[in-house]
Amino acid sequence: MKLIRTVDAEGAVLCHDVTQIIPGAFKGPAFRKGHVITKEDIPVLLSIGKENLYVWEKKEGMLHEDEAAAVLRDLAIGAHMSASEPKEGKIELTADCDGLFKVDSGALRLVNRTPQMMIATRHGNTPVRKGDKLAGTRIIPLVIEEQKMNDLSACVREATGGRPILSLHPFVHKRIGIVTTGSEVYKGRIKDSFTPILERKLQEYDTEVVGHEVTDDDDRMTTAAIRKMVGLGADVVLCTGGMSVDPDDRTPLAIRNTGAEIVTYGAPVLPGAMFLLSYLQAGGKRTVTVCGLPGCVMYAKRTIFDLMLPRILADDRITADEIALLGEGGLCLGCSTCIWPNCGFGV
């Protein structure tokens, strides 16, 4: 950075914003940091009292903010994403398809703990649509040491194993089987109001319902119904009802008796504490996700099911530890106007 006379500044790059003050009002920057000064700019700068300017002087071993922002972009960007052109040290990333957005939180912290740079993202493990903004990078100063960026790159790539900090997993077409349990529905005493709600939620994604069975409060009947859905080619089986700890609520036992691996029965999420997640090996490499859905899915706007469904539909295997982490942010506030996933629920 060096100070030069404004009359000699044509072609130079500003190192700072140049603002114009009007009595009684503030007018934004007349020229922004990084602006390349033209011949026409010089009289304007002089008219607002700028006789001298600090401009950028290219030096060996230093990167311009846009060059450094491109380094952050390359560390962050994953498949199915697009990047904007660098501008004032900023680059934005957007989604090229519908999918599940994920963030390597540890690697992101490595960047954001390093002075003079940052990457801001939306929350990970949330669904996004094509065109959604995913992240933005920013270099704080106009110039930064090239070695600093090289050291950061090496550190981040070691932490991620060479993978990008951000990833976008496209949603996969899924065949869904639904098993509705409960004697009150099986015997026709009440109408099944659970399945239509599930179907509406599934319509938000690329899914098809391949079968629907209604069973009594009989774990053997429910186990057989789950296996029937698997036989019909279901990738996901959703079991509704019978998920509490009452003696006649037999859905968890029915799921366990299929031979499925139970990841969790219970989750630190409200609504949705009685959620069950399991994986069933169905021959060869085929794995079927089998879920037990608590009754709250039927009446609450958003529940544990909404948090888990995008991950299931993106073939993102879920662990018990990840579900345990949902406790912080796992309380839905039941806002009158629901804006999920653009809120703190589940993140």
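I started with Lys 228 and Glu 213, whose side chains meet in a salt bridge at 2.9 Å, N to O. My cut-off for a salt bridge is a side-chain nitrogen of Lys or Arg within 4 Å of a carboxyl oxygen of Asp or Glu. Lys 228 lies in helix α7 (residues 219-231) and Glu 213 in strand β15, so this pair ties together parts 15 residues apart in sequence. Helices (H or I, at least four residues) and strands (E, at least two) are DSSP runs, numbered from the N terminus. Lys 228 comes out partly exposed at 43% relative accessibility, and Glu 213 is partly exposed too, at 23%. For the record, I call a residue buried under 20% relative accessible area, exposed over 50% and partly exposed in between (1.4 Å probe, protein chains only).

Housekeeping: this is a predicted model, where local features need pLDDT of at least 70, side-chain atom pairs count only at pLDDT 80 or more, and totals for chains, interfaces and linings use all residues. Residues are numbered from 1 along each chain as its sequence is written, and side-chain values use heavy atoms, with hydrogens and water left out.

How many salt bridges does a search of the whole structure find? I got 16. One of them joins Lys 102 to Asp 316, with the closest N and O atoms 2.9 Å apart. That pair links distant parts of the chain, 214 residues apart: Lys 102 is in strand β8 (residues 99-103) and Asp 316 in the loop between α10 (304-313) and α11 (320-324). Lys 102 is buried at 16%, and Asp 316 is buried at 11%.

I then checked Arg 302 and Glu 204, which form a salt bridge at 3.8 Å, N to O. They are 98 residues apart, with Arg 302 in the loop between α9 (296-299) and α10 and Glu 204 in the loop between α6 and β15. Arg 302 counts as buried at 16%, whereas Glu 204 is partly exposed at 33%.

Rings next. I found 1 aromatic pair in the structure: Phe 171 and Tyr 205, edge-to-face, 5.1 Å centre to centre with 80° between the planes. The criterion is ring centres within 6.5 Å, with planes over 60 degrees apart for edge-to-face. Both Phe 171 and Tyr 205 are buried.

Last entry: Arg 317 lies over the face of Tyr 279, 3.9 Å from the ring centre. Such a charge counts if NZ of Lys or CZ of Arg is within 6 Å of the ring centre and within 35 degrees of the ring normal.

Terms used:
Phe/Tyr/Trp six-rings, centres within 6.5 Å; stacked < 30°, edge-to-face > 60°.
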